[in-house]
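Take a walk through this protein chain, from its overall make-up down to single residues. Keep the structure in view as you read.

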Amino acid sequence: MRTADTRAKVKDNYRPSRDEILRYIAENPDRSGKRDIAKAFALRGEDRIWLKDILRDLQEEGLLTKERKRLARVGALAHVAVLDIFGRDADGMLLAHPTEAVGNGEPPVIAIRVSRGGGGPTPGIGDRVLAKTFPTDDVTGPAYTGRVMKIFEKRTEAVLGVFRVLQDGTFRIEPVERRQPELVVDKEFQNGAKNGDLVEVEPARASRYGLPRAKVLAVLGSLTSEKAVSMIAIHAHDIPHVFPADVIAEAEAVKPATLAGRENWRELPLVTIDPADAKDHDDAVFAVSDPDEKNPGGVVVTVAIADVAAYVRYGTALDREALKRGNSVYFPDRVVPMLPERISNDLCSLREGQDRPALAVRMTFSADGRKLRHSFHRIMMKSAAKLAYPQAQAAIDGAPDDKTGPILDTVLKPLWDAYAVVKRGRETRQPLELELPERKILLKEDGTVDRVVVPERLDAHKLIEEFMIQANVAAAETLEAKRQALVYRIHDAPSLAKQESLREFLQTLGLSLARGAQMRPNQFNGILDRVRGADHEGLVNEVVLRTQMQAEYSPSNIGHFGLNLKRYAHFTSPIRRYADLIVHRGLIAALGFGAGGLTQDEAERLEEVSALISATERRAMAAERDTVDRLIAAYLAERVDDRFDARISGVTKSGLFVQLPQYGADGFIPVSSLEGDYYIYDETARSLFGERTGKGYQLADRVEVRLIEVAPMAGAMRFEMLTDPKPLPGSKRSFHKAKGRARASQSRPGSRGRRR
């Protein structure tokens, strides 16, 4: 780390060497932005332009990577990381490895520092922890030291499976993980399990012959009686789904909020517009034309959000459980809520005709959609109407019903007029506009799949979405202006490596993408516009999506690339997201709104909290995806040997992933099953092509497949390709380059491919 003495030695016109820059970045992971580096080496004026060019060169050479506007050595450990403690060194110091892979080499070793005063958490061998990491200068010892921020709950070595009783009376465990083998259970280890039960089992050491054996540790429930395939994902991903008794007791003891200390907005006709099956309502909207003569054509939009902070206070049992969950998890057959029903579906839900506390933001827009000003208020409101998206849209389209008719002219039409204004601002901003339809699974009474639908994308959806985005921006702007700590919703720009990969891919389709500075969302939109209506429109949308980084939470702001916003925070869903609850508390503290504000202790933990809720969000996404896969696999299990229209959703050396558009489910076609040629993987073109013919299959191709095998509980399906390979777009030069790369890789041990 550069000290004050070191900085004092920096002379005018001094430019550090590449090695000095790399060393500084390695030693200062939390101060490694361009501005930090320039300040450390006292670079000004033209020297800063020189630094920018050097940093770009180091990224293009693969020596540096960029994350959250901070630079890091490629293969370096993240500053906040999840670690597994595996042992101790000769001096008794705990040693850990990162849970997730870092680079391509051996995982780095981290020496865990434990507070001598006993103030922090004390981990042990076998624990999984969240820790801040710091690189060391020790070339013989651990590469990093780590300071523990949180110890995660311990997991046993148990695995999940479905208990099956075979016709001969023996017991088997049907695996729920795709790579997990079947297990045999002896009668003495049945532990009361019945056919169809989801069980936790402890595998025994595998014998030389036959299937491995296991014993049942616990029966988690019956898939047949509870009609809940989502149970598998809940247990497999360690999602807390049963509220502890103290949390329920605390929720039941909460008294409804009163008008004391709040503005009375109960006469304002705010309305909720949600999916028809929504059980909680955390946002309500209202709009009018701006009466200010200085803002002709302008509008005033009001967004009111349930005041969860009035009931869930920092450090309580309710709060600890909400942070542990991080967010609600939505399955086709159930919701695992972040908060107990007494809070989420009752006291905080903005029910029609009932008094409810809320935080509201009133935003004024000019006629061209620019936000001119906004103000926040802590209020008591009463929803004038509970509406569903199709219901509100039908009223605007000329078919009002008994509920929407009376408020059509006074509430709904002004909302749509305001949306037309705000939409102009969105069009000027040009966020990333991907065309990727979302599917929804509808279930029968018995919990099995009825059908899969693609809900129509209505202006009612877009109206609520854009109003919520503007409210989120207003929250971030207010907290920044008040210098209040907050959790941002950040989305980094695609890395230079991903941009280059996209550029190479587009060249195979005859499309060009200029090299140069970091891309903006409108440049991606330009690419999407050029392929709209073309055969490869879906393909390009998929590849552009895969070029993007994953959004996450952070107390450090880098903006939101996809929305093309400089500052953004989640404010509009505190019933189901802990990040929004933090933002609410920040606003209450910053604006002097009374009790329930962000505490100093909470503000100091925002880095840890951001890492935790980012992880719970990824956990929820994985669990939701796994459940959909299992439901669809179970639904199609009776249709083995049937033919389906499909689309190639992934290409690897091992084979093709195909998605059934009608169901939104994925399956796999092994490369070894592709007949007629020896197929070679072209990473740039996202394709497999035949060595002899040059014909093959590419990402997003529409094909016909036959279902060969289904593993319902693992959510896995294997298909056979029925569609003949096609000539692939791209020049002969790219064809031979890919062929040469593939030949080189397949000459190494472990390469795949089969000649038919």
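How much accessible surface does the chain have, and what share of it belongs to carbon and sulfur atoms? The surface comes to about 37200 Å², and carbon and sulfur atoms hold 48% of that. The model is a predicted one. Of the chain's 756 residues, 48% count as buried. The secondary structure consists of 19 helices and 34 strands. Residues 24 or more positions apart account for 66% of them.

How confident is the predictor? The mean pLDDT of the chain is 86. A value of 70 or more is reached by 89% of the residues. Over residues 1-10, though, the pLDDT is below 50. That stretch has 13 contacts beyond near neighbours in sequence. Residues 744-756 also stay under 50, and the model gives them 24 contacts beyond four places in sequence. Where pLDDT is low, the predicted coordinates should not be read in detail.

Turn to the strands. Strands of a sheet pair through backbone hydrogen bonds, either parallel or antiparallel. One group of five strands closes into a barrel, in the order β3-β4-β5-β7-β6. Its pairing is mixed. From one strand to the next, the twist averages 55°. Look at β3 (residues 80-88) and β6 (residues 128-135). They pair in the antiparallel sense over five bridges. Here D84 stands opposite R128 in β6.

Another group has four strands and forms an open sheet, ordered β29-β30-β31-β34, with antiparallel pairing. Which strands stand at its edges? They are β29 (679-682) and β34 (726-727). Each has a single partner strand, so one side of each is left without a neighbour in the sheet. The partner of β29 is β30 (residues 687-690), joined to β29 by four antiparallel bridges. Within this pair, D682 has S687 in β30 as its bridge partner.

Next, zoom in on single residues. D319 is found in helix α8 (residues 317-325). Is D319 buried or exposed? It counts as buried, because its relative accessibility is 3%, and the cut-off for buried is under 20%. Beyond four places in sequence, D319 touches V312, R313, Y314, Y578, L581 and R585.

L486 sits in a loop, between α12 (459-481) and β24 (488-490). At 4% relative accessibility, L486 counts as buried too. Leaving aside neighbours within four places, its contacts are A476, L479, S554, P555, A569 and L606. Now find N557. It is 71 residues from L486 along the chain, yet the two C-alpha atoms are separated by 9.5 Å.

Finish with the aromatic rings. The count comes to nine aromatic pairs. One of them is Y635 with Y663. Their ring centres are 5.8 Å apart and their planes meet at 65°, so the pair is edge-to-face. Y635 lies in helix α18 (residues 606-636), while Y663 lies in the loop between β27 (655-660) and β28 (665-670). The pair therefore ties together parts that are 28 residues apart in sequence. How exposed are the two residues? Y635 counts as partly exposed, at 30% relative accessibility. Y663 counts as buried, at 7%. Ring pairs also bring in F644 and F719, so that a cluster of Y635, F644, Y663 and F719 is linked.

Methods. Residues are numbered from 1 along each chain as its sequence is written. This is a predicted model: local features need pLDDT of at least 70, side-chain atom pairs count only at pLDDT 80 or more; totals for chains, interfaces and linings use all residues. Side-chain values use heavy atoms; hydrogens and water are left out. pLDDT is the predictor's confidence in each residue, from 0 to 100. Contact means heavy atoms within 4.5 Å. Helices (H or I, at least four residues) and strands (E, at least two) are DSSP runs, numbered from the N terminus. Buried means under 20% relative accessible area, exposed over 50%, partly exposed in between (1.4 Å probe, protein chains only). Accessible areas come from the Shrake-Rupley method with a 1.4 Å probe; for residues, only the protein chains shown count as cover. Two strands pair if DSSP finds at least two bridges between them. Axes are lines fitted to C-alpha atoms, for helices over the stretch in contact, and angles run from 0 to 180 degrees between N-to-C directions. Rings of Phe, Tyr and Trp (its six-membered ring) pair if their centres lie within 6.5 Å; planes under 30 degrees apart count as stacked, over 60 as edge-to-face and the rest as tilted.
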